[in-house]
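Here is a short report on one protein model.

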Amino acid sequence: MNHNLYIVWDETNNTGIPIIDEQHRAIISTINTLHYFITNKKGVHEINSIIVVLDQYTKFHFSTEEGIMKDIAFPDISEHIKFHHALADASKKVSIQVKEENDPEILLRFLRNWWLSHICGEDRKYADFLKETQK
(Lines give C-alpha, C1' and ligand atoms only; values in the text may rest on other atoms or scores of the structure.)
Protein backbone atom coordinates (compact mmCIF):
# COMPACT_ATOMS: atom_id res chain seq x y z
CA MET A 1 0.00 0.00 0.00
CA ASN A 2 1.39 3.41 -0.99
CA HIS A 3 1.00 6.21 1.54
CA ASN A 4 3.46 8.66 0.00
CA LEU A 5 2.33 12.08 -1.15
CA TYR A 6 2.56 12.81 -4.86
CA ILE A 7 3.30 16.50 -4.32
CA VAL A 8 4.67 17.74 -1.01
CA TRP A 9 3.68 21.26 0.01
CA ASP A 10 6.68 23.39 0.70
CA GLU A 11 6.62 26.84 2.30
CA THR A 12 8.43 28.20 -0.77
CA ASN A 13 5.13 27.57 -2.59
CA ASN A 14 3.45 30.34 -0.58
CA THR A 15 2.52 33.45 -2.53
CA GLY A 16 1.99 35.57 0.57
CA ILE A 17 -1.74 35.92 -0.23
CA PRO A 18 -3.46 33.88 2.52
CA ILE A 19 -6.61 32.83 0.61
CA ILE A 20 -4.58 31.86 -2.47
CA ASP A 21 -2.11 29.87 -0.37
CA GLU A 22 -4.99 28.05 1.35
CA GLN A 23 -6.60 27.25 -1.98
CA HIS A 24 -3.29 26.07 -3.45
CA ARG A 25 -2.81 23.73 -0.46
CA ALA A 26 -6.35 22.40 -1.02
CA ILE A 27 -5.59 21.75 -4.69
CA ILE A 28 -2.40 19.89 -3.74
CA SER A 29 -4.32 17.92 -1.14
CA THR A 30 -6.89 16.93 -3.76
CA ILE A 31 -4.17 15.89 -6.25
CA ASN A 32 -2.56 13.81 -3.49
CA THR A 33 -5.92 12.17 -2.76
CA LEU A 34 -6.27 11.32 -6.44
CA HIS A 35 -2.77 9.80 -6.38
CA TYR A 36 -3.67 7.79 -3.28
CA PHE A 37 -6.84 6.45 -4.91
CA ILE A 38 -5.00 5.51 -8.10
CA THR A 39 -2.01 3.83 -6.46
CA ASN A 40 -4.20 1.92 -4.03
CA LYS A 41 -6.41 0.66 -6.85
CA LYS A 42 -9.60 2.37 -5.77
CA GLY A 43 -12.55 2.02 -8.08
CA VAL A 44 -13.48 4.18 -11.03
CA HIS A 45 -16.24 5.81 -8.96
CA GLU A 46 -13.81 7.14 -6.32
CA ILE A 47 -11.31 8.30 -8.95
CA ASN A 48 -13.99 10.03 -11.02
CA SER A 49 -15.43 11.66 -7.87
CA ILE A 50 -12.09 13.22 -6.93
CA ILE A 51 -11.60 14.42 -10.52
CA VAL A 52 -14.98 16.20 -10.33
CA VAL A 53 -14.00 17.78 -6.99
CA LEU A 54 -10.68 18.94 -8.45
CA ASP A 55 -12.38 20.42 -11.50
CA GLN A 56 -14.98 22.30 -9.43
CA TYR A 57 -12.47 23.54 -6.88
CA THR A 58 -10.12 24.76 -9.60
CA LYS A 59 -12.98 26.86 -11.01
CA PHE A 60 -13.54 28.47 -7.58
CA HIS A 61 -9.81 29.08 -7.29
CA PHE A 62 -9.52 30.71 -10.70
CA SER A 63 -12.47 32.95 -9.85
CA THR A 64 -10.73 34.00 -6.63
CA GLU A 65 -7.45 34.71 -8.44
CA GLU A 66 -9.13 36.69 -11.19
CA GLY A 67 -11.04 38.76 -8.60
CA ILE A 68 -7.81 39.60 -6.78
CA MET A 69 -6.05 40.49 -10.03
CA LYS A 70 -8.94 42.77 -10.96
CA ASP A 71 -8.92 44.43 -7.51
CA ILE A 72 -5.19 45.23 -7.73
CA ALA A 73 -5.38 46.26 -11.42
CA PHE A 74 -2.80 43.63 -12.38
CA PRO A 75 -1.58 44.72 -15.82
CA ASP A 76 -1.20 41.15 -17.19
CA ILE A 77 -4.63 39.94 -16.08
CA SER A 78 -5.81 39.07 -19.60
CA GLU A 79 -2.68 36.98 -20.17
CA HIS A 80 -3.19 35.16 -16.88
CA ILE A 81 -6.85 34.47 -17.69
CA LYS A 82 -5.69 32.95 -21.00
CA PHE A 83 -3.58 30.51 -18.96
CA HIS A 84 -6.70 29.57 -16.99
CA HIS A 85 -8.67 28.91 -20.19
CA ALA A 86 -5.76 26.94 -21.67
CA LEU A 87 -5.62 24.80 -18.55
CA ALA A 88 -9.34 24.08 -18.75
CA ASP A 89 -9.00 23.06 -22.42
CA ALA A 90 -5.95 20.92 -21.72
CA SER A 91 -7.72 19.26 -18.78
CA LYS A 92 -10.59 18.20 -21.02
CA LYS A 93 -8.14 16.69 -23.54
CA VAL A 94 -6.23 14.89 -20.81
CA SER A 95 -9.47 13.52 -19.32
CA ILE A 96 -10.41 12.08 -22.72
CA GLN A 97 -6.93 10.59 -23.10
CA VAL A 98 -7.15 9.04 -19.62
CA LYS A 99 -10.44 7.35 -20.55
CA GLU A 100 -9.20 6.21 -23.97
CA GLU A 101 -5.96 4.77 -22.61
CA ASN A 102 -7.40 3.74 -19.22
CA ASP A 103 -4.35 5.32 -17.57
CA PRO A 104 -5.08 7.83 -14.78
CA GLU A 105 -1.31 8.35 -14.29
CA ILE A 106 -1.51 10.64 -17.36
CA LEU A 107 -3.72 12.98 -15.34
CA LEU A 108 -1.36 12.94 -12.35
CA ARG A 109 1.63 13.87 -14.53
CA PHE A 110 -0.41 16.64 -16.17
CA LEU A 111 -1.48 18.02 -12.77
CA ARG A 112 2.05 17.98 -11.37
CA ASN A 113 3.39 19.80 -14.44
CA TRP A 114 0.59 22.35 -14.16
CA TRP A 115 1.35 22.85 -10.46
CA LEU A 116 5.02 23.44 -11.10
CA SER A 117 4.58 25.80 -14.04
CA HIS A 118 1.38 27.70 -13.31
CA ILE A 119 1.20 27.98 -9.56
CA CYS A 120 4.92 28.29 -8.91
CA GLY A 121 5.53 30.43 -11.99
CA GLU A 122 2.54 32.39 -13.26
CA ASP A 123 0.92 33.03 -9.88
CA ARG A 124 4.16 34.55 -8.59
CA LYS A 125 3.73 37.40 -11.08
CA TYR A 126 0.52 38.82 -9.62
CA ALA A 127 1.62 38.00 -6.05
CA ASP A 128 4.84 39.98 -6.61
CA PHE A 129 2.85 42.81 -8.22
CA LEU A 130 0.56 42.92 -5.17
CA LYS A 131 3.57 43.08 -2.80
CA GLU A 132 5.03 45.96 -4.83
CA THR A 133 1.78 47.94 -4.77
CA GLN A 134 1.50 47.53 -0.98
CA LYS A 135 4.88 49.11 -0.24
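## Helices α2 and α4

The axes of α2 and α4 come within 13 Å and cross at roughly 10 degrees. Axes are lines fitted to C-alpha atoms, for helices over the stretch in contact, and angles run from 0 to 180 degrees between N-to-C directions. The crossing makes α2 roughly parallel to α4 (angles under 35 degrees count as parallel, over 145 as antiparallel, 65 to 115 as perpendicular, the rest as oblique). Helices are DSSP runs of H or I with at least four residues, numbered from the N terminus.

In α2, the residues I51, L54, T58, H61, F62, E65, I68 and M69 meet L107, L111, W114, H118, D123 and Y126 of α4. Contact means heavy atoms within 4.5 Å. This contact has nine nonpolar, three polar and two charged residues. Ala, Val, Leu, Ile, Met, Phe, Trp, Tyr, Cys and Pro count as nonpolar, Asp, Glu, Lys and Arg as charged, and the others, Gly among them, as polar.

## Helices α1 and α4

The axes of α1 and α4 lie 10 Å apart, at an angle of about 170 degrees. That makes the two helices roughly antiparallel. Residues of α1 in the contact include I20, H24 and I27; L108, W115 and I119 are among their partners in α4. By class, the contact of α1 with α4 has 13 nonpolar, three polar and two charged residues.

## The largest pocket

The largest pocket has a volume of about 740 Å³. Its lining has 27 residues, with I51, D55, S91, S95 and L107 nearest the centre. Helices α2 (44-71), α3 (77-101) and α4 each give two or more residues to this lining. α2 gives the most, with 11. The lining divides into 15 nonpolar, seven polar and five charged residues.

## Confidence and conventions

This is a predicted model: local features need pLDDT of at least 70, side-chain atom pairs count only at pLDDT 80 or more, and totals for chains, interfaces and linings use all residues. Residues are numbered from 1 along each chain as its sequence is written, and side-chain values use heavy atoms, without hydrogens and water. pLDDT is the predictor's confidence in each residue, from 0 to 100. The protein chain averages 88. A pocket is an open set of points on a 1 Å grid over the protein atoms alone, where a 1.4 Å probe fits, with protein on both sides within 12 Å along at least five of seven lines; lining residues have an atom within 4 Å of a point.

Definitions and conventions: Points joined across faces, edges and corners; volume = space filled by probe spheres on them.
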